[in-house]
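Hi,

Here is the structure I promised to pass on.

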Amino acid sequence: MAFRHIPHPDPVPADRRARLLEDPGFGQVFTDHMVTIRFTREKGWHDAEVKPRGPFLIDPAAAVLHYAQEIFEGMKAYRTAGGEVALFRAGANAERFNASAARMAMPELPVDLFLQGVEELVRIDRDWVPGGEGSLYLRPFMFSDEPFLGVRPANSYVFCVIACPVGPYFKGGAKPLKLFVSEDYTRAAPGGTGAAKCGGNYAASLVAQAEAAAKGCDQVIFLDAAEHRWIEELGGMNIFFVFEDGTLLTPPLGGTILPGITRDSLIQLARAEGLTVVERPYSLDEWRADAASGKLTEAFACGTAAVVASIGEVVAASGGFQIAGAAAGQVTTKLKALLTELQRGEPGDERGWVRAVPGTRA
Ligand code: PLP
Ligand code: COI
């Protein structure tokens with residue numbers, strides 16, 4: 001599809017941009033442009049544009065404001081050693097976006113159009129991609145904008161991509177995370193929307209995340225909805241456990257957790273290193289006992305925003321515990337290095353996970 005280009009008449013000047021890129025934080029600094037594509041049942045996808053980033057004008061009866069038909073993705077573009085900007089497993093984000101769309105009764109966006117939209121934005125805002133440890137966080141999303149109050153899937157939608165230069169997600173840097181287990185609130189039930197990346201899942205997680213923050217914790221851990229016993233995932237990350245024999249364990253994808261692309265990448269990278277990775281339910285009680293006995297040596301959170309972050313302490317009403325030596329976890333450190341080197345386009349990408357965006361060479 002041809003995108004209409006409307007370059008920003010007054011983009012952020014280079015010296016100001018350079019200052020913003022020095023320490024952008026996470027999700028606070030935005031680039032100059034955005035991409036939008038519209039959908040109606042009659043016309044399908046149409047009106048693709050790259051234009052100055054700015055507010056939407058939407059009707060107060062727009063379906064998204066009432067029934068929350070909204071989905072999103074989170075992905076990153078990196079400046080590679082070769083001087084280009086590359087995307088990591090962008091096709092997997094496009095596919096997950098469509099799985100989320102299907103669950104929320106929203107139209108699917110052809111994978112090529114999703115990728116084209118993301119690449120258009122990366123290309124026009126390529127000067128916003130930080131070097132070094134930073135990256136450009138891309139946020140593709142879709143919402144229903146049809147004005148009506150009946151409860152049914154809407155007939156019109158907007159797809160949009162915005163971008164933020166980002167540094168580390170956690171302010172503490174590499175300091176091991178302190179997590180709070182929510183033993184009251186759950187995130188997703190079997191048959192619910194847990195595997196979809198929809199805004200509603202995050203709305204439902206915020207009270208538990210706020211409780212975690214009030215207890216001085218970095219993230220909340222959710223347990224399963226049926227028994228409040230099995231570890232599912234964090235507010236915005238998947239979780240792995242590492243045992244003394246070098247085996248890794250991560251909760252299985254059963255429809256109640258997000259199928260993380262970082263999770264899948266780490267499973268593949270770990271297996272290629274000869275490590276055993278088991279996907280099976282793991283309870284909070286087992287975790288506590290294994291941490292106490294020394295059988296569990298490391299645990300880490302992973303996701304696009306967080307990358308790989310070791311877990312040092314767990315706070316829970318039923319009894320908290322520490323993971324001794326978390327800061328020096330060897331398996332965590334090794335997997336993080338393998339992943340981040342690949343993402344930055346170091347040689348050895350046999351899987352074709354990294355794709356340079358044409359027209360981004362500095
Ligand atoms: N789980 C949740 C709830 C998330 O929000 C995320 C982040 O996107 C993840 C897991 C990790 O997914 P990914 O590795 O694809 O970023
Ligand atoms: C991501 O990692 O992309 C997410 O959406 C999670 C959120 C904590 C920013």
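S144 is buried, because its relative accessibility is 0% (buried means under 20% relative accessible area, exposed over 50%, partly exposed in between, with a 1.4 Å probe and protein chains only). You'll find S144 in strand β7, residues 135–144; helices (H or I, at least four residues) and strands (E, at least two) are DSSP runs, numbered from the N terminus. Its side chain comes to 3.1 Å from the backbone nitrogen of V64. Setting aside residues up to four places away in sequence, S144 touches A62, A63, V64, Q69, A154, S156 and Y157, where contact means heavy atoms within 4.5 Å.

Before you go further: this is a predicted model, where local features need pLDDT of at least 70, side-chain atom pairs count only at pLDDT 80 or more, and totals for chains, interfaces and linings use all residues. Residues are numbered from 1 along each chain as its sequence is written, chains are lettered from A and ligands numbered from 1 in the order in which they are written, and side-chain values use heavy atoms, with hydrogens and water left out.

Now the ligand. Ligand 1 has 17 residues around it, and the closest are R96, Y202, E233, T262 and T304 (a residue counts if one of its heavy atoms lies within 4 Å). By class, that shell has six nonpolar, seven polar and four charged residues. β11 (231–234), α6 (261–272) and β15 (296–303) each bring at least two residues to the shell.

T262 has a polar side-chain atom 2.5 Å from an oxygen atom of the ligand, and T304 has one 2.6 Å from an oxygen atom of ligand 1. On its own, ligand 1 has 380 Å² of accessible area, and the protein covers 97% of that (Shrake-Rupley method, 1.4 Å probe).

Leaving out neighbours within four places in sequence, T332 is in contact with E298, F300, V308 and S310.

Finally, the domain assignment gives domain 1 (4–167) and domain 2 (177–343). Their C-alpha centres lie 27 Å apart, and 18 residues of domain 1 are in contact with 20 residues of domain 2.

Cheers

Key
Polar contact = N/O pair within 3.5 Å; in protein donor to acceptor, adjacent residues only side chain to side chain. Nonpolar A, V, L, I, M, F, W, Y, C, P; charged D, E, K, R; others polar. Domains from an automatic or database assignment.
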